[in-house]
Each structure stands twice: as C-alpha cells, then as structure tokens.
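This report describes a predicted model of a protein complex. The sequence and structure are shown first, and the description follows.

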Amino acid sequence: MSSTSSLILKLSPLALPYLALFCGGVFLTVCQSFGLLTPLPYPGGMVDAYLELLTDSSFFASFVFSLGVAAVSAASAVTIGTLLAYRIWKLPGRLATVALVYKIPLVLPHIAVAFVVLVFWSQSGILASAAHQLGLIRSMTEFPNVLYSGWGIGMILAYTLKGTPFAMLLVMAMLVRFDARQIQTADMLGASGLRIFFSVVLPRLAPAMHTGFIILFLYSFGAFDIPYILSESRPGMLSIQVYNLYFKHDLARRPEAMAILTIMFGFAVLFIVAYSKVVRRLEDGVRKL
Amino acid sequence: MKRTLVIIALYFTMTAPTGLYAQTADADLAKTPFSRIEEQARGSQVSWYMFGGWAHVNTWVDTYVAGEMKTRYDIDLVRVPMDAGVFVNKLLNEKAAGKKKGNIDLLWINGENFKNAREAGLLFGPFAQKLPNVQQVVDPDSIAFDFGFPVDGYEAPYGRAQFVFEYDTAQIAEPPTTMAALKQWIHANPGRFTYPQPPDFTGSAFIRQVFYAVTGGHAQYLAGWDPDLFARKAPLLWQWLNDVEPYLWQKGRTYPQDSAFLDTLFSRGEVGLGMSYHPPHAQNKIIEGTYPETVRTFVMQDGSIYNIHFTAIPFNSPNKSGAMVLANFLISVDAQLSKYRPENWGDFPALDPKRLSPQDKRRFQAVDLGPATLGPEQLNPVAVPEIPADYLEAIEQGWRDHVLNE
C-alpha cells in the first residue's frame, strides 16, 4: 500500500462523513435546483427555477443588498477589531488581562446579539429612553429610526458587534508572535506612530485580516438568525427568502429555494478564489519585511 | 478495513427486513378493532411533534394530556416542539433516505403543510374514521377538506380556529368591523396598523380575508383553482393593500416578520389593532400579563376565516397504535372541554354540538371564555371557510410581486 492511500485510509473516519454530509448536501441542493430528485416530481424544465430568479428584479435587489450588508459589516468588524487588538497588545500586561472582556460577544449566539441590538436601538429601546431622560430628544419617536431605515443598519450593527471580537482574536494571534523590537527599531529611526502602524505592523497582520474578512463576509452574506430578527421587508435578505421558500411555501417551489442556495454557494466559491488572487497580486507588489 | 466491511454488511442485514415487517403491520392496523389497538399501545411511548411557540399550550400538553394518557392508557407522551414546515422537511428527508422507522408518531398539522405532506406520501392512513370519538362526536362534513384539499381520513380533527382582530377599549371606542371601514380607519390613523409579512401564517390569513371582502365573497373560490378567476380578481386585492400601505406602521416600508412581532407592537401600543387566528389569543395574553385588561376582540362582518386544525400520523411512525390512541383522546369530549377553558388554552372544540349529549353540551356552555374572547354566537354567523391551497400560494406570491416589490 502506498503512503498516499494509507494516509487517505487513516483520514477516512473524518473525511468520509465530511464527504457524505457536505458534498452530499451540495450535490442534492444543485440537483433539486434543476428540478431533479425533488420531493414532488417537478413539471418545469431544468433551468426554470433559475430563469424565474434571474427575471425577478427583487432577487437582484436582495442579492446586492445582502452583499452590501455583508461587506460593510465585515469591513467594519475587521477594521475596529484590528485597531482594538493593536491597542490591547500595547497595553501593560495587567491591563491586557482585564481587556479579555472583549471575548464576551464571542460566546454570545448570533441571535442573542440580534436581540441586544433590538433592545438598545429601537425607537422604544434603551438608547432612545436614555436620550429622552437626558433631555436630548423631546419624545422617544425623535430618536433616529435606526432599525427601519431601509439600509440594514440594525443588521450591520449586530454583525459588527459579533464580528469585531472574532477579528480581534485572529489579529491577536498574529500579534503574539510579532517581534516588538521591530517597532522599537522603527521608533528609534524616527518613524511616527501612524507610520509604524501602517508600514510595520499592518503588513504583518494582513493575512489574519484577510482571513477574518472572508469568513465574516461570507457568513453574514448567507446567515439567517440576525436577519430573522432585524431585517426589513424590502429589500429582504436572501437567507430569509430561502427560508420562506423552503419552509413556508408549496413543495413545488423547492427548486427555486435550491437555485438561490446554489447561486449563493457558487458566489461564495468564486469570491474566495477571486479575493485570494487579488490579495496575492497586491502582496507581490509589496516589499516583504 | 475488514472490520469496517463487516460492520457495513451487518448494518444492511439488520435494517433490510424491518421495512417489510412495518408494511404488513400497517395493513393489519386498518383491520384491527380499536379496543385491540388501545391494548397494543399500552405501556408504549408516543412522540407528538407540534408547534412549540405557546407556553400555555405546551403546559396544557405536558400536564393535562400527558397525565391523562398515562392514567387512562399507560402511554408516555413526549412533546417535541417543532414548526410544521420543519417536520415536513424532516419526513421528506427520511423518506428520501428510505428510513422506515422514524421517531415522530403524531403531528399537529394542517393547510399547506398537510397538502405538502400528503402529496409527497408522508402520511399514514386513512385512520380518522377508525377513531371512536371521530365517529361519535365529529360532523364528517366539517373534516372533509383542509384548505380545499381532501382530507380522506389522513387527519383527525383537533381544534377550531377563527380569525379575530384585537383592540384596546381604553384607546379605541369603535373598532372598524368591515374591510372598507378598516381602510378608512388606517387612512385616519397613519402608522397605527400593520400586518405580519406573508407567508407568515397570520399575515397570510389576513390578506386572504381582505381578498374575500374586496372581491365579492368566498363562495366563488371554493370549487378549486381557477387561474382566470384569480387573474381577474387579484388586482382588487393588490389595489386595497397598496392603498393602505403608505399609512401603515413605518409608512409601510417594512412589515413585521411574524405575528409574535405584531403582538409586541400591539402590546407596546405602537399599533392600535392586533390580529390572531386564535379567538382566545387576546385573553391568553391578558392572563399572561402582556396585554392590558381592557383589550377586547372583534370580527369583520364581511367574513372571518375559520379552519379546523388536525393531527396526522407519519408513514414511518414507530408507534402508530399509540398515535391513534392519542389522536382519539385529543378529540374526546373531556380533552376538548379542558382545551376550551381559557386558563388552559381556550382553543375552540372541533366537535359537532348537535352530536353531544345534553349534559356534555351544558359542560361546554358553562365554560367562561373570559371577557376578551368572543363566543360561538358572535363567531359562527360570520365564519367563512379557508381558501383552497393553490389560491393561497398564488396570493402569497402575488403579494411579493404586487405589494412588496411594487
């Protein structure tokens, strides 16, 4: 037996369930999106579900809106997370231990974070009543309509809140291995704080930031729980549309739900490939420290 | 490697014959007298999958139903909370995977989910006519159709629901009681009305009721799906809904995701009218302390949709006898009476009052529904049946295309 096949055999207890469950699921989803292997015989043609979606302008609106919410929340989570991680890393040892409270949102489920945002930011919420008590606004309804602005701000807030500590965790792991003498050297050579951050620290953190961005972006693009609590009706998030089609509509519409999932999955794969290519090209242009 | 193969082979030899066995057992069950079925079910366990979003209903099932099942039939009842759409998909997957022995014995199901389950061959039956209580106290006409889809004995009745609106008498003196008046009310009170976004169950029922009211009543739709009729009539519904949209909560830019969200808006006074497909809903909320004591319910005089909810048995239920005993108990006079009491649940009985003994009839009449729940004398005269499921699907999709994304 060659070493490769023995390795495959040794991995099989892990790999087989993975292949069966994940690839099986993707395979079934793709099949059903073409009207094959559906619970009820599908009368339409193979690409009917896709045609239905691609001719529906609200599908595009939802797609673009979901992308926007995901991009803004992932970018802000990574930015804030990186800055905070760097600050904490520079703190003296004892304070840095205290700063571990940043990990709290990590253990909160997404749905809980969604409720936190709801309770704080709605027009009858904690911030509105605090502002009212402080005399900043005359009545509660003067509080900005954050949750129903049509811009998905509630979801962006929730995803950012949830994503920031995750980004911090990834960045912290890089910083732990970072040699502080590089900063001291740059400092001695007269570099400013900003210059040090952008030219010395940031390039080292970039891989963690890219990973964090991809994970957070794709997660918020497809996840269901936060939109279920915080999304508005129009434009809707894709995940809600899939959920409704899958669970609340006639079985005959299963291919449509699966077609949306297939498009989302295809997009995610393309995105990862394209993103890594772009990042690699950018990094090739940068002089390695 | 060899060991794995042996285990796989063993697995197949162990699972293969059970399917055959289960099939013959099913056929036998149809011929077995009910007393024998009760005998078989003794000492077994029954898993009932049902909507779990109402704490008081869960309590009623866990205490009264579970207790009675234990003392009367020595059956252990396990309640599993799950939305109907979810367990239908679970059963679909089990069927696709060839799983002959599942873990669900009884479902609380109706409408679209029943149609889906029946069309995909997920249900065992017919069994309803076998149940002694269905034979004795249920009007067969009342359970012939479920959202226009023939029941054919694949469901046993369990309760009756009817669409009501809710208002706070401390805020509103005279609520609007026709759809035309409601439209005027919405225009006169901007931001004070909304409905849950279809396909939410309650929101979807609300727009069906508008559909009946603005297109000349329900009777024309009951014969079954007629695309031409729908194409002619539906624009009136979109018109009505679009006319009120700018005057809805949040200027109609967004809708509550589900009825629980609407309940919250109503209880906080953000909107003036609430709605529910369950007549005792407001009374339950008052008892729970979330609605003010002054909340009352009313019905639209131009039609208030009612439906019967049912229980059904999956094709791969491991304990079909036990499931039938439970379904039979749920439609018994005792269980229906206990369910009717507002402190337990307040759900209306699916029994035919004409088939009850005078004594039983008096027991139902003696139940105090509470001030917020309307009685049969107000509900029955305006009750209209549910629309066939094909219309329902078309209305929900049309709402997306013509109201939401207009």
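Of the 406 residues in chain B, 46% are buried in this predicted model. The secondary structure of chain B consists of 16 helices and twelve strands. The radius of gyration of chain B is 23 Å, close to the 22 Å that the globule rule gives for 406 residues, so chain B is as compact as a globular protein of that length.

Chain A, by contrast in its secondary structure, has 13 helices and zero strands. Read along the sequence, the pattern of chain A is accordingly written α-α-α-α-α-α-α-α-α-α-α-α-α. The table sets out corresponding values for the two chains.

| Chain | Property | Value |
|---|---|---|
| Chain A | Span of the C-alpha atoms along the principal axes | roughly 75 × 75 × 35 Å |
| Chain B | Span of the C-alpha trace along the principal axes | about 75 × 55 × 40 Å |
| Chain A | Buried residues | 31% of the 289 residues |
| Chain B | Buried residues | 46% of the 406 residues |
| Chain A | Contacts at a separation of 6 or more that join residues 24 or more positions apart | 73% |
| Chain B | Contacts between residues at least 6 apart that join residues at least 24 apart | 84% |

**Domains of chain B**

Chain B is divided into domain 1 (2-160 + 308-375) and domain 2 (162-306 + 382-404). Their C-alpha centres lie 30 Å apart. To the contact between them, domain 1 of chain B contributes 19 residues and domain 2 of chain B contributes 22 residues. On the side of domain 1 of chain B that touches domain 2 of chain B, there are eight nonpolar, six polar and five charged residues.

**Nonpolar cores**

The largest nonpolar core has 97 residues, of which B:Leu326, B:Ala327 and B:Ile331 touch the most other members. Both domain 1 (2-160 + 308-375) and domain 2 (162-306 + 382-404) of chain B give residues to this core, so the core lies between them. When neighbours within four places in sequence are left aside, B:Leu326 is in contact with B:Val46, B:Trp48, B:Met69, B:Leu77 and B:Leu106. Another core, of 36 residues, lies apart from the largest one and includes A:Ala74, A:Tyr159, A:Ala167 and A:Met168.

**A buried position in chain A**

A:Leu230 is found in helix α11 (residues 225-230) of chain A. With 27 other C-beta atoms within 10 Å, A:Leu230 is buried, because the criterion for burial is 20 or more. Residues up to four places away in sequence not counted, A:Leu230 touches A:Ala114, A:Val117, A:Leu118, A:Leu147, A:Gly154, A:Met155 and A:Ala158. A:Ile111 is 119 residues from A:Leu230 along the chain, and the C-alpha atoms of these two residues are separated by 9.8 Å.

**Contact between the chains**

The contact between the chains takes 16 residues from chain A and 20 residues from chain B. Helix α12 (residues 238-248) of chain A gives the most to the side of chain A that touches chain B, with three residues. By class, that side of chain A divides into six nonpolar, six polar and four charged residues.

**Confidence**

For the complex, the predictor gives an ipTM of 0.83 and a pTM of 0.87. The mean pLDDT of chain B is 92, and 94% of its residues reach 70 or more. Over residues 4-23 of chain B, however, the pLDDT is below 50, and this stretch has five contacts in the model beyond near neighbours in sequence.

How values were computed
Residues numbered from 1 in each chain as written. Chains lettered and ligands numbered in written order. Predicted model: local features only at pLDDT ≥ 70, side-chain atom pairs only at ≥ 80, totals over all residues. Helix = DSSP H or I, 4+ residues; strand = E, 2+ residues; numbered from the N terminus. Rg over C-alpha atoms; globule rule 2.2 N^0.38 Å. Buried ≥ 20, exposed ≤ 12 C-beta atoms within 10 Å, placed from the backbone. Contact = placed C-beta atoms within 7 Å. Domains from an automatic or database assignment. Nonpolar A, V, L, I, M, F, W, Y, C, P; charged D, E, K, R; others polar. Core = buried A, V, L, I, M, F, W, Y, C linked by C-beta atoms within 7 Å. pLDDT = per-residue confidence, 0-100.
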